[in-house]
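Me: I have a structure here that I'd like to talk through. Can we start with the helices?

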Amino acid sequence: MIEGPWIHKFIVSNGIRLHYVTQGEGELVLLLHGFPEFWYSWRHQIPVLAEKHKVVALDLRGYNLSDKPQDTASYVLDELILDIVGVIDGLGYRRCHLVGHDWGGMVAWGVAYAVPERIQTLSVLACPHPAKFQQLSFEQWLRSSYMLLFQLPWLPEILLEWGGYGAIAQIFRWAAVNQQAIRPADLALYQDAAAHRGALSGMLNYYRAGLQSLWSREWGVLHVPTLMLWGRQDPTLGIELTYGTEAFVRELKIQYLDYCGHFVQQEQPDLVNEYLLEWLETVSAPLN
């Protein structure tokens, strides 16, 4: 339980127990982290957004202190969507501002398509629109070759655990451009979270089940106002994946961040906070 201005709580949603931290009151802002993180990746955003909103940063299923189903089928996109809808219901809200990074961004896209009436604004960091992800170029497939490795049973778990979960820290060193923004102490916390029993398989099952369920869908035009934040130097996802997104989102705004890799909200927290606050204030109708 990492101490801070936030409060640690648990909620049952879609039949599983999810951990989250919360701070503030007002309109609900729901934060969804990516791989290989947990709620802590939003540490710079929570206190700032909480000045005007009720902020909830989840540990997604399979991560850190949340339940970790071990069967791959528990990580299909439909199940992940139900988790988030259940959290919104369980917190007593009709709608929310939904913010997601990396895999949390892909889940956020799915939720916005499934229940657009429940999402007032959508903000997605370092995660392309699902339809763009279905159109990967050969160059992008090379960048994303690790996803193919993650399809294998048990071997990825061994590799990530090897050397005291050193590969978890190495992922941050590889994908972050602003290396000073993620301290050794932060890396140690991500390694500790990955060391929870069952966490590695839970985290990897997003790739094993989520990708297949993602590619099997058709994506129309989204009518939820959407902000995308993208690091210009992201080594994992090329900037070209943002091009043409306006064909799939009716109201879209894209902000590109310099000196920034994949871990956007950690590498450029002040700028991300500025963009998020401005975006959240574009819609002011009451949510609950």
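Me: How many residues does helix α2 have, and how far does it reach from its first C-alpha to its last?
Reply: This is a predicted model: local features need pLDDT of at least 70, side-chain atom pairs count only at pLDDT 80 or more, and totals for chains, interfaces and linings use all residues. Residues are numbered from 1 along each chain as its sequence is written, and side-chain values use heavy atoms, leaving out hydrogens and water. Helix α2 (residues 77-90) has 14 residues and reaches 20 Å, close to the 20 Å expected at 1.5 Å a residue. The expected span is 1.5 Å times one less than the number of residues. Helices are DSSP runs (H or I, at least four residues), numbered from the N terminus.

Me: Which residues in α2 are buried?
Reply: L77, L80, I81, D83, I84, V85, G86, V87 and I88. Buried means under 20% relative accessible area, exposed over 50%, partly exposed in between (1.4 Å probe, protein chains only).

Me: What follows α2?
Reply: G92, with a positive phi near 85°.

Me: Switching to α7. Is F172 buried or exposed?
Reply: F172 is in helix α7. F172 counts as buried because its relative accessible area is 2%.

Me: And what does F172 touch, leaving out residues up to four places away in sequence?
Reply: P36, E37, Q179, I182, L187, Y190, F263 and Q266. Contact means heavy atoms within 4.5 Å.

Me: How far apart are F172 and P36?
Reply: They are 136 residues apart in sequence and 8.7 Å apart in space, C-alpha to C-alpha.

Me: Where is L159?
Reply: L159 is also in helix α7 (residues 155-175). L159 counts as partly exposed because its relative accessibility is 42%.

Terms used. Helix = DSSP H or I, 4+ residues; strand = E, 2+ residues; numbered from the N terminus.
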